[in-house]
Amino acid sequence: MLAERPGQRVVLVVDQLEESFTLCRDESERAAFLRVLTVLSRSMLIILALRADFYGRAAAEPALLPALRDRAVLVEPMTAGELRAAIEEPATRSGLRLDDGLAELILHEFGAMNGERPAAGALPLLSHALWETWRRREDTRLTFAGYRAAGGIAQALARTAEEIHDKLDAEGRAVLKHLLTRLVRVGDDGSPDTARPVERRALVHGLPGEPARRLIEQLTAARLLTHDQDTTRLSHEALIRAWPPLQGWVDADRAWLRLRQQLTDDAAVWDRSERDPSLLYRGNRLATLRDRLEDAAEGARELDSLPAAFKDASVRLEQRGVRRRRAAVAVLATLFLLATTGLVGSLVFQRQAEQAHQRDLARYLAAEAEDLRTTQPGLAKQLSLLSFEMNKDAGRSALLNSRRAPGLINGGQSATDLATSTDGKMLAISSGDWIVLRTKDGPVRVAADSVGAVAVSRDGRALAAVTRPDNGSEPATVRLWDLTRPAKPRPTAALKADGPVDTLVFGADGKVLYGGARSGRILRWRLAGPAAPAALPALDDRSGTIDSLAVSPRRDLLAAMSKDGRIAVWKVADPARPERVTTLSGAPYSVSAAGTLHRVAFDRTGMLLAAPMAVKSEYGLGLWRLDEPGKPQRIRREGEDGDYSSSNCIGDLTSLAFSPAHDQIVGACDTWHAWAYRSDSLDHLIVAGATISIPTGFKATGTILFDPGKSRRLMLTTDHGVLIWYLSNAMQPGADTTLPLPVGVGSQVDYRRAGRRQLMAWEGVGANYLADVTDLDNRRLVAATRAPDMFTGGDIALSPDGKLLADVELYKKDKGKARYVGGAAAGHHARQHAPVEHDR
């Protein structure tokens with residue numbers, strides 16, 4: 001830049017240096033910033049602007065002391081003449097005139113007459129008073145009346161804020177209080193309160209969205225707020241002292257505001273330190289934070305995401321310590337249940353004698369967990385976690401294996417149907433003579449005789465269930481409950497059907513309830529409005545028993561599947577004029593179901609429909625695109641033109657469910673299966689994934705369902721509760737992703753964590769590979785080395801810091817001399833590859 005301007009010098013201006021003391025709480029970071037300024041001052045001119053009331057704080061910094069002592073320039077308040085020019089000249093240049101004597105009045109109120117100088121920090125008051133006077137001008141004249149109406153020097157800023165405050169309702173005033181106090185940094189050690197910039201997301205966190213947005217627009221229009229790229233701050237710091245209500249709010253909550261800003265600073269340091277647990281709050285400090293949170297005003301308790309995560313991590317750390325102190329009791333109880341030899345007594349009495357015994361015990365528990373994995377999966381998960389907490393190396397494998405094994409809820413009780421709200425916050429389980437509701441506040445049991453199918457409205461505010469005589473052949477009753485207060489479900493209606501009803505589903509808007517009857521009809525009830533539910537004309541499917549219903553979340557489609565395999569798709573946008581748009585052929589269902597069937601399902605877009613279809617002598621997945629509901633198109637399966645039998649059920653498919661977040665679908669039969677799919681083509685894009693057996697001692701009862709609130713959680717009903725798997729990858733439960741490796745890849749694999757990066761090396765065919773797998777969705781090949789095939793390659797390894805890759809070399813004789821050819825044969829020496837340094 002200076003090459004084109006010889007003889008000139010760079011000037012760097014650092015304004016508001018005091019914010020390095022008010023906004024930066026990390027002394028090491030502040031010291032580093034000042035050292036950089038010192039180094040830059042050798043090659044350029046640096047001008048530092050510092051408020052006088054922070055002079056003492058700055059003088060305590062060794063890097064600033066020479067400049068303050070030898071090169072300080074005091075910027076004095078403006079003289080009366082300068083102030084008069086600041087008042088009159090901008091008006092003259094803009095074609096405005098001041099009433100005679102108005103400038104003198106302003107200077108008098110400003111304290112700048114007779115050689116006096118205004119108080120420090122008063123210029124923002126003058127600026128705002130002139131702006132408000134200009135807003136009240138008469139044509140091109142700034143008048144005494146406009147100046148008085150604005151409130152003059154002393155009251156203009158406060159009057160602007162007061163006008164906005166007085167026009168707000170109670171909610172708006174509460175929002176105003178929380179907005180403005182968040183923009184104030186409370187001073188400590190005698191320093192004054194100052195304005196601070198706040199990220200807009202953090203500024204409105206926890207506040208009602210629309211009122212907060214409108215209020216910010218009003219404050220900005222009144223020039224009380226200024227916006228930067230991502231932050232907002234007070235336009236005039238003088239507002240803190242000029243408007244008594246704001247000063248009162250700050251004084252009233254001073255202790256909490258100071259604690260919250262300290263919490264925010266500590267959370268930022270913790271995050272920059274890779275969330276080091278040693279920086280978390282403990283003991284009295286954590287107790288003080290909890291007490292202040294309880295005592296804070298209702299709206300002020302909301303913390304931004306990072307401080308909230310810091311607080312939660314501190315609480316978890318404290319709870320973990322409590323759990324460790326109770327570990328001895330838990331281990332004794334577990335060993336009493338599991339021990340089959342005299343090793344139990346030996347381990348119990350020697351557990352605290354030496355660290356080796358602790359490791360052996362962890363290994364023992366990990367082995368027991370593996371033995372129980374298929375018979376008691378819930379206990380196996382608990383043992384895996386206990387083993388890992390006792391010794392991470394001994395328990396890591398068991399803990400990772402537990403991810404692919406199921407957990408259990410509602411254990412010991414039969415479950416025959418499941419239903420959830422769209423957000424997953426309400427789960428209903430049909431369990432004999434009870435309906436179990438699981439919410440964030442805990443389970444609630446609703447009594448109902450012989451419960452069959454259950455349904456929950458998309459908003460989670462209504463529950464429907466079929467109750468029927470024990471033999472299931474008599475007319476059913478469809479009962480409704482209001483779940484506005486989940487802890488106290490309120491019965492609202494009992495709807496009599498003219499025969500058995502095997503399946504229920506709410507319409508997408510919750511205003512219509514559908515029931516699949518054995519008579520082949522689809523029963524309908526209108527639920528909207530204050531009146532009691534009213535029966536609508538049934539839809540006649542002209543087929544056998546309807547065993548499954550599904551409603552698309554969009555596009556107003558209803559699918560009904562009957563036991564003879566026919567699938568009817570209806571357009572139900574207008575309940576008064578339903579229209580059948582197509583009929584598809586699926587697989588029949590010929591056996592007696594242990595629970596409710598869900599053999600037809602829509603995906604999250606409403607564009608895909610899934611149902612079982614016959615494949616040779618087995619049953620598999622059928623998937624149709626419904627771009628035009630009247631012209632469905634079936635998506636072909638991988639291997640369909642050949643011997644397609646992978647992941648087909650020997651028995652009938654009883655339930656299908658789409659993932660709410662991924663292109664995956666699962667189906668339950670004698671086992672359960674997962675498929676991955678792509679919906680943007682019709683050819684070869686249904687790929688069979690994992691096939692998982694039900695744990696020993698459990699019998700599937702029919703319903704499989706994803707949790708919409710936790711899209712990787714898969715639930716399956718059984719005769720002993722609801723089994724839960726972690727399914728992120730259709731190829732393997734428990735795994736987060738799959739690395740697509742070519743056929744012939746060897747078994748030698750190494751993994752290392754290098755800082756924030758995760759690296760994986762593996763032996764390939766003719767080449768060895770190193771990949772960055774930190775982001776599983778965006779894996780990146782870092783390096784590849786030539787190598788022989790997997791039968792002659794010996795090994796592959798990464799150094800502990802991940803900076804070196806070691807594989808095996810191969811030499812051949814060329815004219816009597818050994819020549820390196822880039823690979824290795826078994827028995828030859830290893831070579832280290834150094835060019836595995838990572839991008840910074």
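Buried means under 20% relative accessible area, exposed over 50% and partly exposed in between, with a 1.4 Å probe and protein chains only. The model is predicted: local features need pLDDT of at least 70, side-chain atom pairs count only at pLDDT 80 or more, and totals for chains, interfaces and linings use all residues. Residues are numbered from 1 along each chain as its sequence is written, and side-chain values use heavy atoms, leaving out hydrogens and water.

**View 1. Glycine 515 is buried in the model**. Its relative accessible area is 0%. Glycine 515 belongs to strand β20 (residues 512-517); strands are DSSP runs of E, at least two residues, and helices are runs of H or I, at least four, numbered from the N terminus. Beyond neighbours within four places in sequence, glycine 515 contacts Val501, Thr503, Leu504, Arg521, Ile522, Leu523, Trp525 and Leu549 (contact: heavy atoms within 4.5 Å).

**View 2. Helices α19 (residues 355-371) and α21 (residues 392-402) cross at roughly 20°**. Their axes come within 8 Å. Axes are lines fitted to C-alpha atoms, for helices over the stretch in contact, and angles run from 0 to 180 degrees between N-to-C directions. Arg359, Ala362, Arg363, Ala366 and Glu370 of α19 meet Ala394, Ser397, Ala398 and Asn401 of α21.

**View 3. Strands β31-β32-β33-β34, in that order, form an open antiparallel sheet**. Strands pair if DSSP finds at least two bridges between them. β31 (655-658) and β34 (686-692) are the edges; each has a single partner strand, so one side of each lacks a neighbour in the sheet. Five bridges join β32 (residues 664-668) to β33 (residues 672-677). Isoleucine 665 faces tryptophan 675 in β33.
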